[in-house]
Amino acid sequence: MRRACVLSAVAGVGLGVMTLAGAAAQPAVPDRTSWHWYKGNTHAHTIESDGDSTPEEVARWYRDQGYQFLVLSDHNVLVNIAALTAAFAVPEQFLLVPGEEVTDTFETKPLHVNGLNVTRRVEPRHGTSVLDTLQRNVDAIRDARGVPHVNHPNFGWAITPADLAGLERYRLLEIFNGHPLVNNLGGGDAPGTEAMWDSLLRAGRRVYGIAVDDAHYFKRPWDKAAPRPGQGWVVVRAPRLDPAALMASLEAGEFYASTGVELDDYQADAAGISVRVRVAGQTRYRLTLIDATGEVETTDGPAAHFTLTGRRGFARVRLQDSNGALAWTQPIFLDGRP
Ligand SMILES: [Zn+2]
Ligand SMILES: [Zn+2]
């Protein structure tokens with residue numbers, strides 16, 4: 001049922017023509033008018049692995065910066081968040097979600113997959129190739145009832161588009177990681193992470209692009225060479241602020257990713273995408289519609305409505321401001337498959 005709603009998952013009005021199995025006369029889209037947007041980061045480190053701050057200090061940073069949820073994702077460590085939750089969690093205001101960065105290597109290549117909301121610590125499983133290693137760790141995270149996201153594919157130039165195309169059972173890919181050494185933009189024969197995402201979407205894969213901090217250092221805010229917080233995040237639309245609801249919305253693509261551009265409104269279905277930016281001061285915005293053929297339409301201004309008639313494969317919007325900050329909406333799939 002959830003997959004049947006993916007197309008209209010971020011639509012305020014939804015697709016009236018879609019129907020639920022066994023309820024042919026009912027509209028497929030639940031009433032989302034009461035759903036809320038929640039800002040969160042799904043990738044952060046503490047002194048439990050190679051960060052510089054305690055879990056308490058990290059949770060406090062995100063809470064005080066106005067985030068609504070945080071996943072602590074230490075390397076091969078599942079931080080016990082019970083005490084943190086008692087100290088920091090406030091219903092509908094701030095939530096801690098269990099997590100781990102399952103950290104593996106194949107030969108010299110670093111292969112990292114986050115496990116969000118896992119029910120137990122996941123050991124890295126090792127494999128016989130890059131793809132095999134990734135698949136074993138994704139499967140292990142699923143076995144622990146977690147949601148996997150594939151991290152920083154160009155870190156160590158480790159993961160190719162072919163690896164991502166062969167990998168199964170994942171819906172989330174880091175298209176922006178705030179660590180300064182992860183090569184988000186690609187180089188040489190390696191495409192940037194956003195181009196990798198588009199190649200997956202062109203192949204019909206239901207993969208959603210997330211932005212994360214991968215923050216390690218909270219005590220060196222002046223140091224641009226340090227992996228600092230506040231670089232990339234997601235804003236998730238969900239019925240309530242709890243782990244299961246957030247995970248379901250993430251895996252349905254009910255969110256946008258950002259490095260600084262905020263949205264005031266977003267409505268989308270197979271007919272069109274409407275988006276409106278929250279304008280900051282004198283900043284200007286460029287909104288670009290992307291489908292399977294590339295960039296197909298660009299609008300200057302804080303708001304746009306893109307009609308999807310004639311668009312190929314999928315459609316998504318990339319928003320860039322005049323200072324370089326970005327946001328990415330999730331793809332609407334146009335091939336008629338649920
Ligand atoms: Zn990593
Ligand atoms: Zn990390």
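Student: Where does Asp214 lie?

Tutor: In this predicted model, Asp214 sits in the loop between strand E10 (208–212) and strand E11 (233–238).

Student: Why is Asp214 called buried?

Tutor: Its relative accessibility is 3%, and buried means under 20%. The value falls under that cut-off, so Asp214 counts as buried.

Student: What makes the phi of Asp214 worth a look?

Tutor: Most residues other than glycine have a negative phi. Asp214 is a residue other than glycine, yet its phi is positive, near 50 degrees.

Student: Which phi does Asn183 have, and where is Asn183 found?

Tutor: Asn183 is not a glycine either, and its phi is positive, about 55 degrees. You will find Asn183 in the loop between strand E9 (172–177) and helix H5 (193–202).

Student: Good. How do you know that the span of helix H3 is close to the expected one?

Tutor: Helix H3 (residues 130–143) has 14 residues, and 1.5 Å a residue gives an expected 20 Å. From first C-alpha to last, H3 reaches 20 Å, close to that expectation.

Student: Which residues of H3 are buried, and what covers them?

Tutor: Among them are Val130, Leu134, Val138 and Ile141. The cover includes strand E6 (99–106), strand E7 (109–116), strand E8 (147–150) and helix H4 (161–166).

Methods:
Residues are numbered from 1 along each chain as its sequence is written. Chains are lettered from A and ligands numbered from 1 in the order in which they are written. This is a predicted model: local features need pLDDT of at least 70, side-chain atom pairs count only at pLDDT 80 or more; totals for chains, interfaces and linings use all residues. Side-chain values use heavy atoms; hydrogens and water are left out. Helices (H or I, at least four residues) and strands (E, at least two) are DSSP runs, numbered from the N terminus. The expected span of a helix is 1.5 Å times one less than its number of residues. Buried means under 20% relative accessible area, exposed over 50%, partly exposed in between (1.4 Å probe, protein chains only). Contact means heavy atoms within 4.5 Å.
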